[in-house]
Each structure stands twice: as structure tokens, then as C-alpha cells.
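Hi,

Here's the structure I said I'd pass along.

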Amino acid sequence: MNTNHILTRSVPSPNDLQFLEDRLYEFNSDQTGQEDGQLFGFFIRNEQDEIVAGCCGWTWAHACQIQSLWVHSSWRGYGYGRTLLESAENEARERNCKVILIGSYSFQAPAFYQKCGYELAWQLNDFPPGHQHCYLIKRFAETENDSILSTKPSGRS
């Protein structure tokens, strides 16, 4: 019998989370031969050097995923979201990405992303209850190998 103990932690430390991310990246890279993963982040700060808007994510294997894009409520409507999104897109292009992906709840910004050229690829209804979780993509270049990305959503769950 294994003598290791399972320790549960309701709030994992940033180091624990990074450890898992690093191990998954190593496994994924070993399986695919793709070792070009890089993080990115763009931030807008006010005069007190506080973050009032930001965008972060990663690129890997000719794809980019935006993990977070946020603009403080009092700074919305001035184009900062679009500036951050364009910065991420430019970074993805510089890193030779073919597609960019982003998740958004229906009460967040899927309409904004669609206005910026993203297509709804998939949506999970009633998550959270009364809303949808949307997965949007934007293609930078079509290739013969992009067949999985060129399929339209067939039905929504």
C-alpha cells in the first residue's frame, strides 16, 4: 500500500498551482514535440500605478489563449478592452499563432468579442444557472491542418 498522504487544500498556493501547470506543460510538450509555450500579459495602470485593466494568457503550438481580460467598471467604454485585445492578438501573430481562443460567460463580453471578429465555437447553456459559458475563436490563417477549427458548432448543450 502507498504510504503517501493526500493533503487537501481548499485554497492552493500559487506555487502549487504553478507546479501543476509546469508538469502539464512538460507532458504536453513531450507528447506533441511543441515546446514554444510562453505567457503574456498587458496592463493599464492609473496615475497611482494601480492596475485598472489587463489581459493575460499564453501561446503554445501555434495557438493563443486569452485567460483573462478585465477592465475596471469606471474605465469601460473608452476602448481599453479593444486595445488590450489587439495587443494580445499582435503578440499571438508575432509568435506565429494561427488561432486565438477565449472563454466568456454570456453576462461578460461575448458580444464584444464577436464585434472584434471572434466566432462562437461552442456554448454550454445554463452555466452558471440562467447564463451560458461561451467559447470563441478567431483564426489568423487557414491551413489544411486547421480542419478541427473550421467546423461550425453543430448543436449547443
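Let's start on the inside: lysine 138 and glutamate 89 are both buried. Bear in mind that this is a predicted model. The two side chains form a salt bridge, with 3.2 Å between the closest N and O atoms. Lysine 138 sits in strand E6 (residues 132–139) and glutamate 89 in helix H2 (residues 80–94), so the bridge ties together parts that are 49 residues apart in sequence.

How many salt bridges are there in total? The count comes to five, and two others are worth a look.

One of them pairs arginine 23 with glutamate 26, whose closest N and O atoms are 2.8 Å apart. Both residues belong to helix H1 (residues 14–32), and they are three residues apart, about one turn of the helix. Arginine 23 counts as partly exposed at 32% relative accessibility, and glutamate 26 is partly exposed too, at 40%.

The other links arginine 45 to aspartate 49, with the closest N and O atoms 3.8 Å apart. Here arginine 45 is partly exposed, its relative accessibility being 43%.

Then there's a nonpolar patch on the surface, made up of Phe43, Ile51 and Trp70. Together they have about 310 Å² of accessible area. Isoleucine 51 is found in strand E2 (residues 51–60).

Cheers

Notes. Residues are numbered from 1 along each chain as its sequence is written. This is a predicted model: local features need pLDDT of at least 70, side-chain atom pairs count only at pLDDT 80 or more; totals for chains, interfaces and linings use all residues. Side-chain values use heavy atoms; hydrogens and water are left out. Patches are made of residues with over 30% relative accessible area and no salt bridge: like charges are joined within 9 Å, nonpolar side chains (Val, Leu, Ile, Met, Phe, Trp, Tyr) within 5 Å. Accessible areas come from the Shrake-Rupley method with a 1.4 Å probe; for residues, only the protein chains shown count as cover. A salt bridge is a side-chain nitrogen of Lys or Arg within 4 Å of a carboxyl oxygen of Asp or Glu. Helices (H or I, at least four residues) and strands (E, at least two) are DSSP runs, numbered from the N terminus. Buried means under 20% relative accessible area, exposed over 50%, partly exposed in between (1.4 Å probe, protein chains only).
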